[in-house]
Structure formats: C-alpha cells, structure tokens
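Thanks for stopping by with your questions. Let's go through some of the labels used for this protein and see what stands behind each one.

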Amino acid sequence: MDDNRLSMALPTPSHSRYTTLLSDIEKGEIKIPQFQRDFVWTIQKSAALLDSVIKAYPIGTFIFWDTKDRLRSVKNLGNVKLPDPKDGDIVSFVLDGQQRLTSLFATLKGLKVKRANGVLEDFSEVYVDLTSNADEQIVITDLTDRDPATCIKLADLLYGGLKKLSAYPETLHPKLDEYKERIQSYDFSIIKVRDVPIDVATEIFTRINVGGKPLSLFEIMVAKTYDEKLEFDLAERFDELIATLQTVEYETISDATILQLISLILRNDCKRQTILTLAKPEFIETWSKVIDGIERAVDYFSGTYRIPVSQLLPYNTLLVPFGYYFYRHPDKPDAEQRALLEDFFWRCSLGGRYSSSVESKLAQDIKRIDLILEGKSPDYDWAIDLSPEFMIENGWFNAGRSFVKAILCLYAYHEPKSFNDNAKVNIQNGWLKQSNSKNYHHFFPRAHLQKKGVEEYRINNVLNITIVDDYLNKRKIRARPPSDYMTEFNGSNGSLKDAMKSHLITDLDTFGVWNDDYELFIKQRAEAVSAELKKRVIIRDVDAHGQALSTNDFEEDATTFE
C-alpha cells in the first residue's frame with residue numbers, strides 16, 4: 001500500500017445543527033461532487049426522513065471530504081443557485097449522505113426540484129400533523145382524511161413567524177414549539193476526512209457505496225480537472241470531441257484513450273496511478289494540442305490508410321501512439337516516417353499488441369514513435385507471420401478480433417465496389433459491431449458450403465469475407481453458390497473484373513469462382529492478402545527467427561488500467 005495512504009489523518013467525528021448545515025450549503029462550503037448520482041429521493045421519502053428527525057431517531061452519519069481542491073460539483077439544488085467557494089477556502093464534498101442531505105435542504109427550504117423526466121416536484125408541500133401520536137407518521141405529504149387546521153407546512157413551522165403560528169389553536173402551541181425545537185436542536189452526525197488526495201477520497205466513496213458502480217478513472221479526472229474560471233469541464237470537452245469525430249465516423253474512441261495519451265505526453269507513462277497524479281493546470285494546458293493530435297491521427301487513418309470508420313480499427317488504442325506522433329509533429333510525415341509508421345501500424349494490428357498489458361506496452365511504444373520522429377527504425381520484440389498458410393490458419397472470422405479487423409482494414413483500403421454496379425460500398429460504424437453485420441458477406445455462402453459438408457471453422461474465415469452493401473447480401477446473393485450469382489453479375493456489370501479486384505479477388509478464373517472451388521478460392525485469396533501486407537511491412541530479423549503468436553485469442557483493446 002502507498003505510504004501516503006497509511007499516513008493519512010484519521011477521520012474526525014463532528015456534528016452540526018440544521019441551521020449551520022443549511023447555511024454552509026447556501027454559502028457553497030458544502031458541495032455535492034458531480035460523480036454522485038442525481039437526487040432521486042421522492043418527496044414521500046424525504047418526509048419520512050424529517051419524521052425521523054422530529055422523533056429524534058438517528059438518520060445516519062454524513063461523510064465529508066474537506067479539501068482545498070476544486071471539483072466539478074452540482075451547481076444548483078432545486079431552484080436555489082449555489083455559489084462557488086472562495087479561492088483557498090476549504091470545501092466539504094459529500095462522500096456519503098447526498099440523498100439525505102439534499103432531502104433535508106429541499107424539504108426544510110421548501111424548494112421546487114425539477115426531475116430528470118422534466119416533472120417539477122414541490123418540496124414545500126410537506127406538512128407536520130400536530131395531532132399525530134408518536135407512533136404515527138408526523139411529517140406527511142398527503143392531507144387526505146386529515147384536518148388542514150391541525151397541519152402546518154414544515155417551512156411555515158420553521159420560518160412562519162409569530163403571526164402565522166399564533167393562528168393555530170392554543171392547544172397546539174406546545175406541539176408547534178416542541179417540533180420546531182426538535183428540528184433546530186437536532187445534532188446531525190458528521191465524519192470529516194481530511195488531508196487525502198482525490199483518488200483516496202473517491203476510493204472511500206466507492207467503498208461506502210458498495211451496492212453502486214465504482215467510479216471510473218475518467219469520472220475521477222472529470223472531478224479533479226474541473227475549472228470554473230477557465231471554463232474547463234472534461235466531460236463536456238470529451239463530448240465535444242466525440243461530436244466532432246462522429247461527423248467522420250470515428251466516434252467510438254474511448255475516454256481511456258484520451259487519458260492515456262495526455263499522461264504519456266506529460267509523464268511518459270499512463271498507468272492509473274500516474275494519471276491520477278496529473279496536475280489540473282498542466283492537464284488543461286495540454287488539452288487543446290492533444291485533441292489536435294487525435295484529430296490529425298484520425299485524418300491520417302481515414303485518409304492515408306483509408307480506414308473509413310473507427311469500428312474497423314484493430315485497436316482504438318492505436319490512436320494513442322499516432323496521436324502522440326502528431327502531437328510532437330503536427331505536419332505530414334515524410335516518406336521515411338510514413339514507411340516506419342505503416343510498419344508500426346501493421347505490426348501492432350497483426351501481432352495482437354494491445355490485447356493485454358496496454359499501459360506498459362504504450363509506454364514502450366511511444367519510445368518507438370520517438371525514434372520514428374527522428375527518422376530511425378525501431379526494434380520490435382514480437383514477430384508477425386505474413387504467410388498465406390498463417391492467414392488461413394488464423395482467419396476465424398469474429399468482428400471483435402484485432403487480427404480480423406486488420407484484414408478488414410486491408411479490404412477497406414481498396415475501397416470495395418458493389419458487384420452489380422461498381423458503386424463504392426458504404427461502410428458505417430453502426431453496421432460493423434457484429435459478425436452478422438449487413439456489410440459482411442461470405443463470398444461462398446454458409447448455407448451453400450454447409451450442404452457440401454464443409455466444417456464451420458473453415459467456412460467462417462475472414463478470407464471468405466467480402467464487404468458489400470445490404471442489398472446485395474440479403475436480396476441478391478443469399479445462399480446461391482458463387483458460380484451462380486457471379487454469372488448474373490457478369491451479365492449486368494461490364495466492369496465486374498475491376499469490381500472484384502477491389503475485394504482482392506484478382507482473377508475469377510484462377511480463384512476457382514466459376515467451378516465453386518472453395519479450397520482454391522481460400523488459397524488464392526490468402527496469397528493476395530499476404531502479398532498486400534508484405535507491401536506494408538518491413539521484414540525484420542525477428543520475423544525470420546521468432547515465432548508469431550496464434551491470433552485466435554486476440555480480441556479488442558484490453559482497456560483495464562494496470
């Protein structure tokens with residue numbers, strides 16, 4: 001365990017009266033961090049809480065984190081705008097008790113609270129029944145079957161003044177005094193956590209809320225980097241980035257990718273604990289240039305590598321080293337750098353680079369990018385196998401596999417054309433999430449091969465996949481053998497041979513299409529894919545002497561922080 005955690009000050013028990021508690025909220029000295037869930041307690045549940053207060057029952061302890069840090073926090077409660085604390089002042093952020101505290105504030109102040117569904121709930125409609133017995137509900141929200149003359153609004157009880165209170169029958173005055181005194185004198189139990197960093201505070205929050213979802217690293221950094229004066233809100237800035245990337249079909253980038261890139265730029269490391277040490281000023285100062293690097297990397301992937309959508313990327317994590325490159329070098333790479341970057345891209349994609357231990361591998365790989373920036377060729381400690389035999393053996397088609405996505409990127413580079421009219425196939429993110437996507441077509445249809453007794457693992461190979469449009473896949477081809485449906489297209493499309501070359505099916509005769517020879521087709525397509533990949537990769541000693549790992553277990557990014 002970190003020594004700093006062991007040396008943290010012990011939590012301090014405290015207490016507060018309701019007037020102090022509410023006053024501190026109104027002055028901005030008690031804040032609800034944005035990572036807390038929305039206020040969801042109903043007015044009835046809030047009334048039950050005040051009923052416990054009036055009866056002097058315990059209502060649990062509030063846990064506050066006292067700090068001079070400024071976090072992204074709730075700005076308004078109901079119709080009350082909460083002020084920002086003064087610079088340098090200690091703020092108490094609520095780690096536990098947010099629902100109870102908000103209920104107390106809303107009910108005792110008689111606020112109107114707008115819910116997420118747009119419904120406005122009036123917390124001034126909470127009453128004290130002055131004739132209820134101790135074993136009955138004293139604080140209520142429904143006056144049905146009750147005498148309004150013996151019920152008083154809770155806000156009137158506390159703030160109504162002598163004239164309003166004296167209007168009630170004299171026999172009820174002792175109750176008015178007693179209930180008002182009970183609320184005003186109630187000691188709310190508080191535990192204060194002091195002198196701990198935000199990661200410890202959020203860990204405390206997570207452990208207290210054991211039934212809830214643990215805070216993500218991004219949620220912690222949203223809270224930590226928030227700056228009102230600079231108008232920096234990480235959550236909003238990330239949403240703006242996604243909105244921009246959505247226009248070019250690259251919106252599937254994760255928030256982890258951004259945090260990793262910033263941390264690598266600032267610290268040459270991107271493990272969770274390193275990211276948590278990033279100071280707010282340097283994080284904010286770096287943001288704009290980092291986003292420019294990401295956007296340039298996206299332009300490079302879509303323009304130079306012709307990867308039209310982010311769902312095809314073997315790893316979203318690849319945006320980190322390429323974003324790092326363009327952060328350091330905003331201009332286009334020269335010819336030597338282009339070749340080295342392309343080699344790096346395909347080595348990572350085909351070698352399952354980011355399927356595990358992502359953070360430590362990224363720290364190694366930015367050193368490789370630094371060499372590429374200097375025009376030097378980096379060394380690699382993993383081999384890749386570009387042989388046709390390896391392609392066939394490791395080609396099991398699953399849209400989540402990085403190796404398969406790499407081959408799909410190669411297909412997309414050639415801008416596949418429609419079999420029937422040579423129109424460019426429209427590839428969209430929404431269609432590429434699953435192996436049964438509208439865009440993926442088994443050139444030798446499954447049903448056709450199954451009738452011939454071909455095993456499923458041989459049928460469902462990426463080498464048997466072409467990227468087509470939905471119309472062709474579902475309506476024209478279906479389960480027909482290639483010799484049948486391709487004869488039809490050959491009659492209607494005078495440029496069919498050119499269309500098929502865009503699918504790396506370079507010769508319909510030698511690929512066994514006309515006689516439905518599946519074994520020959522797979523062999524020829526594997527050789528075509530292998531030849532294309534060899535144009536993109538710099539063959540190294542490690543490839544000749546090392547052994548490439550089987551890619552059958554390689555999946556998408558391992559996003560868990562180490």
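Q: Before we start, what kind of model is this?
A: It is a predicted model, so every value here is computed from predicted atoms.

Q: Why is Asp-24 called buried?
A: Buried means under 20% relative accessible area. Asp-24 has a relative accessible area of 19%, so Asp-24 is buried.

Q: Where does Asp-24 sit, and which residues does it touch?
A: Asp-24 belongs to helix α2, residues 18–26. Leaving aside residues up to four places away in sequence, Asp-24 touches Glu-29 and Ile-30. Contact here means heavy atoms within 4.5 Å.

Q: What makes strand β6 mostly covered?
A: Strand β6 spans residues 91–96, and six of its six residues are buried. Each of those six therefore falls under 20% relative accessible area.

Q: How do you know that β2 and β6 pair?
A: Two strands pair if DSSP finds at least two bridges between them. Strand β2, residues 30–31, is joined to β6 by two bridges, so the pair meets that cut-off. These two strands run parallel, and Lys-31 stands opposite Phe-93 in β6.

Q: Why are β10 and β11 called edge strands?
A: The open sheet has three strands in the order β10-β9-β11, with antiparallel pairing. Strands β10 (139–140) and β11 (151–153) each pair on one side only, and they are the edge strands.

Q: How do you know that β9 pairs with β10?
A: Two bridges join β9, residues 127–129, to β10; at least two are required, so this is a pair.

Q: What makes a set of residues a nonpolar core, and which residues have the most contacts inside the largest one?
A: The residues must be buried, of the nonpolar kinds counted, and joined through side-chain atoms within 4.5 Å. The largest such core has 127 residues, and Leu-408, Phe-443 and Met-486 have the most contacts inside it. Helix α13 (residues 280–303) gives the largest share of this core, ten residues. Apart from it lies another core of 46 residues, including Ile-25 and Val-94.

Terms used:
Residues are numbered from 1 along each chain as its sequence is written. This is a predicted model: local features need pLDDT of at least 70, side-chain atom pairs count only at pLDDT 80 or more; totals for chains, interfaces and linings use all residues. Side-chain values use heavy atoms; hydrogens and water are left out. Buried means under 20% relative accessible area, exposed over 50%, partly exposed in between (1.4 Å probe, protein chains only). Helices (H or I, at least four residues) and strands (E, at least two) are DSSP runs, numbered from the N terminus.
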